[in-house]
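Hello,

Here is the structure I promised to pass on to you. Please open it alongside this email, and then read on for what turned up in it.

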Amino acid sequence: MAALRALIKPKIVKKRTKKFIQHQSDQYVRIKWNWQIPRGIDNGVRRKLKGQIWMPSMSYGSNKKTKPMLPGGFGKFLGHSVKELEVLMMCDKSYCAEIAHYVSSKNHKPLGKSSPAGHQRHQSQCQATQ
C-alpha cells in the first residue's frame, strides 16, 4: 500500500532551530541555560554589542501557516475516542490522527481501525517527526 500524501505540502522553513541560551550560562553552573532577558545597564547582550550571543526577536518566528505542520505536510489531530476520529474522515488529506497518551492499549485497536489507513500515528512517532 502506498503511503498517503498531504493534499498541499508547502515548504516548511524554520528560521532557527537552535535554542536561545541565557547569557553566561555556559560559564557558571549556578546560572540555568533557560532564556532570561538581560537587564543590566552595562550588559553587552542587551546592548547588542559585537561578539555577544543573540537575543530572540520577532524576526525568528516561523510562518503562521506552516508552524503547526508536521514535516510530511499533515497537521496533527489528537484523538481520544472513535467519535472524534469520524471528524477526521472529512479532511483526511490535511490532518493525521495521533492517539492521546492516556488511551489504554485495549482501546488502541478500535481507534486504529476507525482512522483512515496510514493516518494513525503513535505519540512518540509524531514527536520524532517534528
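Of the 130 residues in the protein, 24% are buried (buried means under 20% relative accessible area, exposed over 50%, and partly exposed in between, with a 1.4 Å probe and protein chains only). This is a predicted model, where local features need pLDDT of at least 70 and side-chain atom pairs count only at pLDDT 80 or more, while totals for chains, interfaces and linings use all residues. Residues are numbered from 1 along each chain as its sequence is written, and side-chain values use heavy atoms, with hydrogens and water left out.

A word on confidence. pLDDT is the predictor's confidence in each residue, from 0 to 100. Its mean over the protein is 82, and 83% of the residues reach 70 or more. Strand S1 has the highest confidence, with a mean of 86, and helix H3 (residues 123-128) the lowest, with a mean of 44. Over residues 122-130 pLDDT stays under 50, and the model has 15 contacts beyond four places in sequence for them (a contact means heavy atoms within 4.5 Å).

Now the layout. The protein has 3 helices and 3 strands, and from the N terminus on they run β-α-β-α-β-α. Helices (H or I, at least four residues) and strands (E, at least two) are DSSP runs, numbered from the N terminus. Among contacts with a separation of 6 or more, 46% are between residues 24 or more positions apart.

Which residues form the largest nonpolar core? There are 7: Leu 85, Leu 88, Ala 97, Ile 99, Ala 100, Val 103 and Leu 111. Helix H1 (82-88) and strand S2 (95-99) each supply at least two residues of this core. Such a core is a set of buried Ala, Val, Leu, Ile, Met, Phe, Trp, Tyr and Cys residues joined through side-chain atoms within 4.5 Å.

The structure also holds 1 salt bridge (a side-chain nitrogen of Lys or Arg within 4 Å of a carboxyl oxygen of Asp or Glu). In it, the side chains of Glu 98 and Lys 76 meet at 3.9 Å, N to O. The pair links distant parts of the chain, with Glu 98 in strand S2 and Lys 76 in strand S1, 22 residues apart. Glu 98 is buried, at 5% relative accessible area, whereas Lys 76 is partly exposed, at 31%.

Accessible areas come from the Shrake-Rupley method with a 1.4 Å probe; for residues, only the protein chains shown count as cover. Ile 21, Trp 33 and Ile 53 form a nonpolar patch on the surface, with about 280 Å² of accessible area together. Patches are made of residues with over 30% relative accessible area and no salt bridge, with like charges joined within 9 Å and nonpolar side chains (Val, Leu, Ile, Met, Phe, Trp, Tyr) within 5 Å. Ile 53 is in the segment before strand S1 (75-79) and is partly exposed, at 34%.

Gln 24 is partly exposed, at 32% relative accessibility, while Lys 48 is exposed, at 66%.

Best wishes
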